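This report describes one protein chain for a reader who has the sequence and the model at hand. It begins with a pocket and then moves to the chain as a whole, its cores and some individual residues.

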Amino acid sequence: MEKIVSLTKRRGYVFQSSEIYGGLNGCWDYGPLGVELLRNLKEEWWRAMTYRNDIEGIDAAILMHPRVWEASGHVENFTDPMVDCKECKARFRADQIEDAMCGNPAYKGKKAHKCASEGKFTEARKFNLMFKTFVGPMEDSTAVVYLRPETAQGIFVNFLNVQAASRQKLPFGIAQIGKAFRNEINTKNFLFRTREFEQMEMQYFVRPGTDMQWFEYWREQRMQWFVELGMRKEKLRWHKHEAHALAHYAKDAYDIEYEFPFDWGEIEGVHNRTDFDLSRHEEFSGKSLKYFDDETKEKYTPFIIETSAGTSRSFMAFLVDAYAEEEAPTADGKMETRVVLKLHPRLAPTKASIFPLVNRDGMPEIAKNIEKELRPHLRVFYDDSGAVGRRYRRQDEAGTPYCITVDSQTLQDQTVTVRDRDTMVQERVAMDKLLEYLRTKLIM
Ligand code: GAP
């Protein structure tokens with residue numbers, strides 16, 4: 001993980017939030033390459049979800065009526081048990097003590113559960129994970145609102161608005177990508193558990209009785225999505241929530257887990273939420289959220305199958321999965337270790353990099369021309385600094401799938417070399433066929 005965190009900073013993927021002030025725990029900033037990878041990831045999800053005729057998109061507000069969170073159960077149940085160490089004052093999730101380290105510098109390297117066994121912890125108390133703020137100038141209890149801890153509720157409360165506006169019939173879904181906030185007691189493992197993060201959630205509304213069939217359908221679709229974007233199958237697995245561990249709203253739930261360097265961890269949940277959410281919002285708002293089935297002339301509350309992916313966690317899983325260290329030959333025939341990010345071409349922030357082999361003989365002008373022609377179609381990068389071998393290595397680390405080099409042969413036959421990031425094999429391609437060639441290779 002340390003190597004990956006360091007690479008993400010060096011290459012401009014992820015920076016610590018407010019770094020010059022010492023950082024803000026649980027918050028991260030996405031740099032120039034990171035924001036591209038994040039956008040590509042969201043675009044892939046958005047296409048997979050909303051470029052079908054049974055799913056509509058939505059972008060709901062982060063701040064919602066406070067009653068939403070009473071209806072959803074978050075005010076009452078969205079809590080973690082928290083304990084304080086009486087000696088060092090460090091705060092822990094009571095259910096995660098086993099993995100936590102003691103916060104007292106005098107006990108550096110000591111596991112926190114040792115303190116627990118020595119009786120140094122306070123009794124566990126409930127801590128609500130929602131961030132509170134106020135609307136308007138009065139900071140009193142009547143003005144309290146919450147930063148949403150999940151995007152799902154913005155979908156539930158808009159169910160009938162979307163259905164009526166889009167004239168969808170059941171089964172159909174609503175998809176949303178957006179920020180969510182949780183005041184996690186302990187943030188950890190880079191982007192894995194943060195206080196501000198992004199989710200990609202889709203709620204699929206179905207007729208009761210057909211819910212398990214759709215649950216299985218969405219489980220298959222969602223696992224396939226990660227695999228199609230290049231994630232190694234052996235690094236993915238399902239985790240079933242046993243009956244005693246099911247959330248209060250769920251009839252069945254599975255997590256897609258990825259094997260991170262620190263452990264297996266959930267990147268997406270697929271849940272059968274039954275009619276819990278719509279029924280609760282009906283009860284708390286006093287408004288009907290029932291669906292009228294034109295064909296059967298029945299009115300009922302749909303069941304919901306939810307697919308809930310963490311954008312930030314998936315981002316990290318794709319980065320970890322793409323990271324490789326390999327032995328590769330240098331220009332003078334020696335071997336060195338190259339670091340390469342083998343991101344799927346559709347996710348890669350920069351699609352191609354263009355180099356003149358040397359900065360003379362008209363090569364930079366030709367390379368600049370290629371850049372100008374490709375730029376309207378693909379995100380490309382021009383680099384003429386340093387030895388070409390070094391330039392390849394920089395692009396390998398940045399995850400750029402193709403490097404185009406203008407060399408002396410270009411001056412004679414208008415071809416360039418195109419080097420494949422993963423195989424390092426170079427092909428000669430006619431300059432006027434470059435865009436077509438890249439489009440095919442990049443699967444765009
Ligand atoms: N609407 C259901 C829901 O929010 P969840 O399992 O609490 O379910 C869904 O969250 C996904 O959101 C998780 O699989 C994870 O990828 C992501 N996620 C949750 N908490 C997170 C955190 N503190 N930091 C980063 N990602 C988080």
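## The second largest pocket

Helix α2 is the top contributor to the lining of the second largest pocket, giving 8 residues. The model is a predicted one, and the volume of this pocket comes to about 640 Å³. Its lining is made up of 24 residues, and those closest to the pocket centre are Asn40, Glu43, Glu44, Arg47 and Arg346. Two elements, α2 (32-50) and α8 (211-228), each give two or more residues to the lining.

By residue class, the lining holds 11 charged, 9 nonpolar and 4 polar residues. Both domain 1 (2-66 + 141-318) and domain 2 (350-442) supply at least three residues to the lining of this pocket.

## Chain and domains

The chain has 444 residues, and 50% of them are buried. Its secondary structure consists of 14 helices and 23 strands. Along the principal axes, the C-alpha atoms fill a box of roughly 75 × 70 × 45 Å. Among contacts with a separation of 6 or more, 64% are between residues 24 or more positions apart.

Domain 1 is assigned in two segments, 2-66 and 141-318, while domain 2 covers 350-442. What distance separates the C-alpha centres of domain 1 and domain 2? These centres lie 38 Å apart. Contact between the domains involves 8 residues of domain 1 and 6 residues of domain 2.

## Two nonpolar cores

The largest nonpolar core contains 52 residues, and Tyr13, Trp218, Ile267 and Phe315 have the most contacts inside it. Helix α10 (residues 311-322) provides the largest share of this core, with 7 residues. Another core lies apart from it and has 20 residues, including Ala352, Ala367, Leu374 and Val380.

Thr8 belongs to helix α1 (residues 2-10). Is Thr8 buried or exposed? Thr8 has 1% relative accessibility and therefore counts as buried, the cut-off being under 20%. Leaving out residues up to four places away in sequence, Thr8 touches Tyr13, Val14, Phe190 and Leu319. One of these partners, Tyr13, is also among the residues with the most contacts inside the largest nonpolar core. Thr8 and Gly57 are 49 residues apart along the chain, and their C-alpha atoms are separated by 31 Å.

Phe190, another of the residues that Thr8 touches, sits in the loop between β9 and β10 (196-206). Phe190 counts as buried because its relative accessibility is 9%. Although Phe190 is not a glycine, its phi is positive, at about 60 degrees. Most residues other than glycine have a negative phi, and most peptide bonds are trans.

## The loop between α7 and β9

Two backbone features fall in this loop. Arg167 is placed between α7 and β9 and has a positive phi of about 55 degrees, although it is not a glycine. Arg167 has a relative accessible area of 73%, so it is exposed.

Pro171 is found in the loop between α7 (159-166) and β9 (172-181). Which kind of peptide bond joins Leu170 and Pro171? The bond is cis, with omega about -5 degrees.

In helix α12 (residues 388-398), the buried residues are Arg391, Tyr392, Arg393, Gln395, Asp396, Glu397 and Ala398. Gly399 comes after α12 and has a positive phi, near 85 degrees.

Leu435 is part of helix α14 (residues 434-441). Leu435 counts as partly exposed because its relative accessibility is 21%, and the buried class ends under 20%. With neighbours within four places in sequence left aside, Leu435 is in contact with Leu374, His377 and Leu378. Leu435 and Asn183 are 252 residues apart along the chain, with 47 Å between their C-alpha atoms.

Methods
Residues numbered from 1 in each chain as written. Predicted model: local features only at pLDDT ≥ 70, side-chain atom pairs only at ≥ 80, totals over all residues. Heavy atoms only, no water. Core = buried A, V, L, I, M, F, W, Y, C linked by side-chain atoms within 4.5 Å. Buried < 20%, exposed > 50% of the residue type's maximum accessible area, 1.4 Å probe, protein only. Helix = DSSP H or I, 4+ residues; strand = E, 2+ residues; numbered from the N terminus. 1 Å grid on protein atoms, 1.4 Å probe; cavity = no way out; pocket = protein on both sides within 12 Å on 5 of 7 lines; lining within 4 Å. Points joined across faces, edges and corners; volume = space filled by probe spheres on them. Nonpolar A, V, L, I, M, F, W, Y, C, P; charged D, E, K, R; others polar. Domains from an automatic or database assignment. Contact = heavy atoms within 4.5 Å.
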